[in-house]
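Let's walk through a protein model together, one part at a time. Keep the picture open beside you as you read.

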Amino acid sequence: MSASYDATAVAALADERVSWQDKALPPAFWGRTVADVLADKPRLSNLPTPLLTLSAPGLEHNVATMARWCAEHGVELAPHGKTTMAPALWARQLDAGAWAITLANGFQLGVARAYGVHRVIVANSLISPLQLRWIADQLAADETFEVLVWADSVRTVEQLEAARATHVQPGARPLDVLVEVGGDGGRTGARSAETALAVAQAIAAASTLRLAGVAGYEGAIARGADEAGLEHVRAYLRQLAAVHVRLAEDDLYDADVVPVVSAGGSAYFEQVAQVLGPLAETGARVVLRSGAYITHDDGTYRQVSPLGSHPRTDGDRLIPSIHGWVRITSQPEPGLAIFDAGKRDLPYDEGLPEPQLLRPRTPGESPRTVAGLTVPKMNDQHGFLRFDPTGEAPVVIGDELRVGLSHPCTAFDKWGLIPVIDDPDADDPVVVDLVRTFF
C-alpha cells in the first residue's frame with residue numbers, strides 16, 4: 001500500500017504569495033499567489049535569467065516509468081525525497097504508488113510531517129536525543145505515522161535506546177530500526193556480517209526499539225557500470241541479502257514484522273531488483289530508494305542509469321527534465337563568452353552544464369541547437385562559455401541559452417521556487433506550475 005500525505009496542505013502551496021525571496025520570478029509577480037501567477041499562463045520570456053526549470057511532460061513520463069518498472073519487477077519504491085525536497089513532487093510519486101518517501105535527516109523528516117507523509121524511511125543514523133524524542137512524540141500523537149531509521153553499530157543502538165527509554169511511556173510503539181550493511185571503501189554501514197548480526201541482536205533486545213529489516217546503499221561502493229563494476233555491486237547486494245537471511249533464520253524479527261530489505265539509488269536499481277527481488281517471495285518487502293530518476297539529467301545519470309542512454313534493463317528510457325537558462329553578458333576575448341549563472345545557480349559537482357539550445361533572438365524564430373560550445377568552469381555567479389576563437393562567434397551579448405545539467409540533488413537545493421514548463425524545446429514555453437522546495 002502506498003503512503004498517504006496531506007493533500008490539503010500540498011494544495012495550499014498554491015495559495016502562498018511569491019516575493020523578492022523567489023529568485024525565479026520577476027518583481028512584476030511579487031505579492032501575488034502562485035495560483036494567480038499561473039492563471040496568467042506566463043511564458044519563459046517573462047522570467048529572468050539565470051533560471052532553473054522542470055519539464056512537465058518529462059516529470060510525468062519519469063514518474064510513470066519508474067512506478068511501472070518497479071511493479072513489473074516486484075519491488076516497492078520509496079523515492080529519496082532529499083533529491084527535490086518538494087512535497088508537491090513527493091505527492092506525484094506517492095500518487096503513482098510509492099510505498100514511502102525516503103529522507104536523510106531530522107529536518108527533512110519535519111518537512112514530511114508538515115505535509116502529512118505517513119510513512120518515511122530515514123536513510124541515516126539519527127542519534128540526536130532532541131530529534132529522537134520528537135520522533136517519539138510524533139509516533140505517540142499519530143498512530144498512522146510510520147518511520148524507519150538505520151543503525152550500523154551497537155553504539156548507535158545504545159544511543160537510540162538511551163534517548164528514548166526515559167522519554168516514552170510504557171507500552172509506547174517501538175521505533176523501527178533497519179540494520180545498515182556497508183561495504184569496503186563505502187560510506188557508513190556494518191562492514192561484516194558479524195557486526196551486522198550484533199547490531200540486530202542489540203535492536204531486538206532493546207526495550208523501545210524493533211528490528212525491522214536491513215538496508216544499504218550500493219552507490220557508495222560502486223566502481224562503474226561495466227561488467228566488473230556491476231559484479232562488484234551485485235557482490236555487495238548478496239552480502240546484504242545474506243544478513244537478512246541470517247536474521248530471519250535466527251528468529252530476530254518479531255512475528256508481526258514484514259522485514260524491509262532496501263537498497264537502490266538511481267544508478268543501479270536493476271541490480272538491486274535482480275539480487276534482492278527474490279527475497280520478496282520469502283516474505284520480505286524489497287524497497288528501492290531511487291530519487292534522481294524523477295528528473296533524470298543530461299550528465300551523470302544519463303550515462304549510468306539503467307534506463308539512461310545506455311539502458312541495461314527493459315522499460316522506457318527516462319527523459320532529462322531539468323534545465324538551466326542563462327544569458328550571455330560579456331565577450332571579453334575571442335573564443336570566450338561569460339554568462340550570468342554560476343555555482344550558486346546550477347550544479348557543478350558531477351559535471352558542468354552542457355550547452356544545448358540558443359533561444360530565438362527575434363519573435364517568430366525557432367530555437368537552434370548549438371554545437372562546439374563548452375562550459376569549462378563556473379565561478380560563484382559567472383559561467384565561462386568556450387568556442388572556436390578563429391571563426392565567427394556563435395553567440396552575442398544578450399543571447400539566451402538552454403543548458404543541460406548533471407546531478408539533480410545539487411540543482412534543486414539552489415532554488416526555493418522552480419517553474420515547470422510545458423515544453424523545454426518550444427520557442428517560448430508556458431509556465432504550468434511553480435514547485436516550492438524546502439532546504
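In an unreviewed UniProt entry, residues 321-422 are annotated as "domain: D-serine dehydratase-like"; such positions are given in the numbering used here, feature names are shortened, and annotations may be inferred rather than shown by experiment. This span is 4% helix and 41% strand, and its end C-alpha atoms lie 11 Å apart. Helices (H or I, at least four residues) and strands (E, at least two) are DSSP runs, numbered from the N terminus.

A word on the model itself. It is predicted, so local features need pLDDT of at least 70 and side-chain atom pairs count only at pLDDT 80 or more, while totals for chains, interfaces and linings use all residues. Residues are numbered from 1 along each chain as its sequence is written, and side-chain values use heavy atoms, leaving out hydrogens and water.

How is the chain divided? There are two parts, listed below, with bounds from an automatic or database domain assignment.

| Domain | Residues |
|---|---|
| Domain 1 | 7-55 + 318-436 |
| Domain 2 | 56-295 |

The C-alpha centres of domain 1 and domain 2 lie 34 Å apart. In contact (heavy atoms within 4.5 Å) are 21 residues of domain 1 and 22 residues of domain 2. Between them, about 1700 Å² is buried, and carbon and sulfur atoms give 69% of that. Buried area is the accessible area (1.4 Å probe) that two parts lose on being put together, summed over both. Leu318, Cys409 and Phe412 supply 31% of what domain 1 buries against domain 2, more than any other three residues.

Which side chains form a salt bridge? Those of Asp433 and Arg92 meet in one, at 3.9 Å from N to O; the term asks for a side-chain nitrogen of Lys or Arg within 4 Å of a carboxyl oxygen of Asp or Glu. The count between the two domains is 1 salt bridge. On the side of domain 1 that touches domain 2, the elements giving two or more residues include helix H1 (7-11) and strand E18 (431-436). E18 gives the most, with 4 residues.

Finally, two backbone details. Most residues other than glycine have a negative phi, and most peptide bonds are trans. Thr49 and Pro50, however, are joined by a cis peptide bond with omega about 0 degrees. Asp251 is not a glycine, yet has a positive phi of about 55 degrees. Asp251 sits in the loop between helix H9 (227-249) and strand E8 (260-263).
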